[in-house]
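Here is a short briefing to read alongside the model. Keep the structure open as you go, and look up each spot as it comes along.

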Amino acid sequence: MAENNEKNKVTMDKIVSLCRRRGFIFQSSEIYGGLNGAYDYGPMGVRLKNNLRDLWWKEMTQLHDNIVGLDASILMHAKVWEASGHVSNFTDPMVDCKQCKSRFRADQIDLNAPCPVCGTRGSFTTPRNFNLMFQTHIGANADAASTIYLRPETAQGIYVDFKNVVSSSRVKIPFGIAQVGKSFRNEITTKNFIFRSCEFEQMEMQFFCKPGTEDEWFPYWREQRFNFYTDKVGIRKEALRWHQHGPDELAFYAKDAYDIQFYFPMGWQELEGIHSRTDYDLTQHQKFSGKEMTYLDPETNQKYIPYVVETSAGLTRNVLMALSDAYEEEVLKGEDGKEDVRTVLHFHPNVAPVMVAVLPLVKKDGLAEYASDLEHSLREEFVTDFDTSGAIGRRYRRQDEIGTPYCITVDYDTLKDNTVTLRFRDSMEQMRIPVSEIESTIKKATKEYKRV
Ligand code: GAP
């Protein structure tokens, strides 16, 4: 964790401010006063989110054996959520302040204390359960029969399609189905920016295995998922830790569950859950749909309902992790002894929204044209940026703030000998290289990238 002095500490306010300033994340419907719990991903944010998503997708479906993809619909039959237990159990205990009508999660406030909003004492209603699923209606009639829900997790789409995937592809147990998509929860406590929002994205994988083998797959997936964050996303090891669910946190059907926690600006919080879920969900869907959810082992002719190990990560929560881990206000000392603060996002090049910025030293004398042509030639391989406005030092700082790992500067010598300056974001070191070596040098540096 970036343990800077108090003044340069990473805070949520600083991250929110940078996100807005540099086009990562905006409050939804801002011009109308904003909508709580909903966010828009701007030009930089959508790239960061897509990079995290693509890295996960590649990791799960391309680099692992026997994992196939799925993109199930957000709207599903209402019975899905009865079977899964969400209709009856997916609730938070809520209280309202009778004075100011503010609503709170009963498990997050002291009911004997004054209302945090209006300060009235003894004003809370008795706690009652509030279902987190958003309801809507399908078709022309808004009656009970047409009630459906926006999915609160992507996982159920995978369970419901389990038989379709088995019969249409050549997967054999053990195998997994991976899915990325939007989920919706009517969260009451939506503070902490995008950490807990009402509309968010999940990256989930259900791994179907033979009953009795789940205790082998569970530690395997725990290790895989932890290493993904350190090795591929480039998150510092000391900012991640495990939390095993105690008996009061564990779902009644779950055998075991661990969270990977990340050290967010507000402290240690869940990033991803790895759950040993037994055959609960498939059994429930068999019961409610009347359709067999079994698997026939082609070798032994044995029929069984598979057990499931689930890996369930928040994509939008991954975005907040990447931003929090990357953010640093670095104190630099100039030659005159004066201090200067450089705000920099130390993104791993795998997820950085811009990989290479091409900057002409000055606009005139053909430098801008040369740099523009160079930038175009690099677009096939890298996400690039081109910036001609302001002093070169300020342009470097602008790129540091969006986390661009490499800057290329075109100067007068470039016109003579086709060499450029390559500047590295983290160390600010510069090297002179021929234009023809830009691509290979950047690829090598990315492969060897280590956060210092
Ligand atoms: N299928 C299991 C499941 O959904 P979960 O622990 O409720 O488990 C998994 O959610 C992950 O989804 C969490 O670790 C978190 O990263 C993300 N997540 C859950 N609720 C969220 C919310 N309201 N906003 C943003 N991310 C959320």
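Which residue in the turn of the hairpin formed by S23 and S24 has a positive phi? That residue is Met428, with a phi of about 60°. Please bear in mind that this is a predicted model. The protein chain has 452 residues, and 51% of them count as buried. Its secondary structure comprises 13 helices and 24 strands, and its C-alpha atoms fill a box of roughly 75 × 70 × 45 Å along the principal axes.

- On one side of the pairing list is strand S22 (residues 406–410), which runs antiparallel to S23 and is joined to it by 4 bridges.
- Within that pairing, Arg423 of S23 stands opposite Cys407.
- Strand S24 (residues 430–434) also runs antiparallel to S23, and 5 bridges join the two.
- Here Val420 has Ile433 in S24 as its bridge partner.
- The hairpin made by S23 and S24 has 5 residues between its strands.

**Backbone spots worth a look**

- As background, most residues other than glycine have a negative phi, and most peptide bonds are trans.
- Asn418 is not a glycine, yet it has a positive phi of about 55°.
- You will find Asn418 in the loop between helix H12 (412–417) and S23, and its relative accessibility of 42% makes it partly exposed.
- Asn192 is another non-glycine residue with a positive phi, here about 70°.
- Asn192 sits in the loop between S10 and S11 and is partly exposed, with a relative accessible area of 25%.
- Between Ile173 and Pro174 the peptide bond is cis, with omega near 5°.
- Pro174 belongs to the loop between helix H6 (162–168) and strand S10 (175–184).

**Aromatic pairs**

- The structure holds 24 aromatic pairs.
- One of them joins Phe104 and Phe124 edge-to-face, at 5.9 Å centre to centre and with 85° between the planes.
- This pair links distant parts of the chain, 20 residues apart: Phe104 is in strand S6 (residues 103–105), while Phe124 is in the loop between S6 and strand S7 (128–131).
- Are Phe104 and Phe124 buried or exposed? Both Phe104 and Phe124 are buried.
- Phe207 and Trp217 form a tilted pair, with 4.6 Å centre to centre and 55° between the planes.
- Because Phe207 lies in strand S11 (residues 199–209) and Trp217 in helix H7, the pair ties together parts that are 10 residues apart in sequence.
- Why does Phe207 count as buried? Its relative accessible area is 3%, and the buried class takes in residues under 20%.
- Trp217, at 22% relative accessibility, counts as partly exposed.
- Tyr159, Phe162, Phe175 and Phe208 are linked by ring pairs into a cluster.

**The second largest pocket**

- Rolling a probe the size of a water molecule over the atoms shows where empty space is left.
- How much space lies in the second largest pocket? The answer is about 520 Å³.
- Its lining has 20 residues, and those nearest the centre are Leu55, Pro349, Asn350, Val351 and Met355.
- By class, the lining has 10 nonpolar, 7 charged and 3 polar residues.
- Helix H2 (43–62), helix H7 (214–232) and helix H13 (438–447) each supply at least two lining residues.
- Among the contributors, H2 gives the most, with 6 residues.
- Where does the second largest pocket lie relative to domain 1 and domain 2? It lies between them, because domain 1 (6–75 + 151–323) and domain 2 (354–447) both give residues to the lining.

- Ala251 is in the loop between strand S12 (240–244) and strand S13 (256–264).
- With a relative accessible area of 30%, Ala251 is partly exposed.
- Ala251 and Ser183 are 68 residues apart along the chain, and their C-alpha atoms are separated by 20 Å.

Definitions and conventions. Residues numbered from 1 in each chain as written. Predicted model: local features only at pLDDT ≥ 70, side-chain atom pairs only at ≥ 80, totals over all residues. Heavy atoms only, no water. Buried < 20%, exposed > 50% of the residue type's maximum accessible area, 1.4 Å probe, protein only. Pairing = 2+ DSSP bridges. 1 Å grid on protein atoms, 1.4 Å probe; cavity = no way out; pocket = protein on both sides within 12 Å on 5 of 7 lines; lining within 4 Å. Points joined across faces, edges and corners; volume = space filled by probe spheres on them. Nonpolar A, V, L, I, M, F, W, Y, C, P; charged D, E, K, R; others polar. Domains from an automatic or database assignment. Phe/Tyr/Trp six-rings, centres within 6.5 Å; stacked < 30°, edge-to-face > 60°.
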